[in-house]
Amino acid sequence: MNYLLLFLAVAVGYFVAVFLKQKELRNMEVFLAFSGAFLLSITVFELIPHVFETPSKSIGVYIMLGILLQIFLEFFSKGAEHGHVHLHSEAKHFPWILFVSLSIHAFMEGFPISEENNLLLAIIIHKIPVAIILSFFFITAGYKKSTTLFFLFFFALMTPLGSFIANNYNFVHQYETQITAVVIGIFLHVSTTILFESSKNHKFNLSKMTAVILAVVIAYFI
Ligand SMILES: [Zn+2]
Ligand SMILES: [Zn+2]
């Protein structure tokens, strides 16, 4: 069931994008800000306390590795996992580099999903706007429908796949804390970047700010 929901988040994103017009994409920014704040809050309220149940500096090292990994991935994805796409491929070849970097990110974020935390919800909320923006880019850039669907289909499989492996292979369980710490680093970077970019030039925006505060409060009480 969880696997299906994670897959459907991308599918929903695609269908929203099909019906979306350029100017409506602006409203997405409020939703994106909400998703970033919610992901950050779940990370801070639930994942970080979990990995630090036994405090150690080495866990901090894994978190830093996650942050660095995400920075590295964004050299290739150009920030698609936090909500904007820059591709200048006139040839409309399949964007392998974007695909691989996004897939690594999506695969990793599936690992810490469990019954003990609200990460499933946070990732679904995080994935929908990203999938909308990604799909919208593919559609407006004139990629073939088959290319778009191929890309999104396999991208959508990555998080359920990561989650499946975490649940079914014991060797992963042994490294649960370390893997979760790396994913915490990924989430810290992605979500704070979303928040940073949602207040471009530090200009105050009431609706975005409201969305952010709402997300934090909901994540706390959930
Ligand atoms: Zn960016
Ligand atoms: Zn993500």
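Biologist: Where is the place of lysine 78?

Modeller: A word on conventions: residues are numbered from 1 along each chain as its sequence is written, while chains are lettered from A and ligands numbered from 1 in the order in which they are written. This is a predicted model, so local features need pLDDT of at least 70, side-chain atom pairs count only at pLDDT 80 or more, and totals for chains, interfaces and linings use all residues, with side-chain values using heavy atoms and leaving out hydrogens and water. Helices (H or I, at least four residues) and strands (E, at least two) are DSSP runs numbered from the N terminus. On that basis, lysine 78 sits between helix 3 (57-77) and helix 4 (96-109), in the loop.

Biologist: What phi does lysine 78 have?

Modeller: Most residues other than glycine have a negative phi. Lysine 78 is not a glycine, yet its phi is positive, at about 60 degrees.

Biologist: Is lysine 78 buried, exposed or partly exposed?

Modeller: Relative accessible area decides this: under 20% is buried, over 50% is exposed, and in between is partly exposed (1.4 Å probe, protein chains only). Lysine 78 has 43%, so it counts as partly exposed.

Biologist: How far apart in space are lysine 144 and lysine 92, C-alpha to C-alpha?

Modeller: Lysine 144 is in the loop between helix 5 and helix 6, and its relative accessibility of 60% makes it exposed. In sequence, 52 residues separate lysine 144 from lysine 92, and in space their C-alpha atoms are apart by 8.2 Å.

Biologist: Are helix 5 and helix 6 roughly parallel or roughly antiparallel?

Modeller: Axes are lines fitted to C-alpha atoms, for helices over the stretch in contact, and angles run from 0 to 180 degrees between N-to-C directions. The axes of helix 5 (residues 119-140) and helix 6 (residues 145-168) come within 11 Å and cross at roughly 165 degrees. Angles under 35 degrees count as roughly parallel, over 145 as roughly antiparallel, 65 to 115 as roughly perpendicular and the rest as oblique. Helix 5 and helix 6 are therefore roughly antiparallel.

Biologist: Which residues of helix 6 meet helix 5?

Modeller: Helix 5 contributes Ile123, Lys127, Leu134, Ser135 and Phe138. Their partners in helix 6 are Thr148, Phe151, Leu152, Phe155 and Thr159.

Biologist: Is glutamate 109 buried or exposed?

Modeller: Glutamate 109 is part of helix 4. Among the residues it touches are Leu119, Ile123, Val183 and Phe187. Its relative accessible area is 1%, so glutamate 109 is buried.

Biologist: Which side chain has a polar contact with the side chain of glutamate 109?

Modeller: A polar contact is a pair of N or O atoms within 3.5 Å; within protein, one must be able to donate a hydrogen and the other to accept it, and residues adjacent in sequence count only if both atoms are side-chain atoms. Here the contact spans 3.1 Å, and the partner of glutamate 109 is histidine 105.

Biologist: How does helix 4 lie against helix 8, and which residues of helix 4 make the contact?

Modeller: Their axes come within 9 Å and cross at roughly 120 degrees, with helix 8 covering residues 176-198. That angle makes helix 4 oblique to helix 8. On the helix 8 side, the contact uses Val182, Val183, Ile186, Phe187 and Val190, and on the helix 4 side His105, Met108 and Glu109.

Biologist: At what angle do helix 3 and helix 8 pack?

Modeller: Helix 3 is oblique to helix 8. Their axes are 7 Å apart, and the packing angle is about 50 degrees.

Biologist: One last item: which residues is tyrosine 3 in contact with, leaving aside its neighbours within four places in sequence?

Modeller: Tyrosine 3 is in helix 1 (residues 2-19) and, at 30% relative accessibility, is partly exposed. Beyond its neighbours within four places in sequence, tyrosine 3 is in contact with Pro160, Ser163, Phe164, Asn167 and Asn168.

Methods: Contact = heavy atoms within 4.5 Å.
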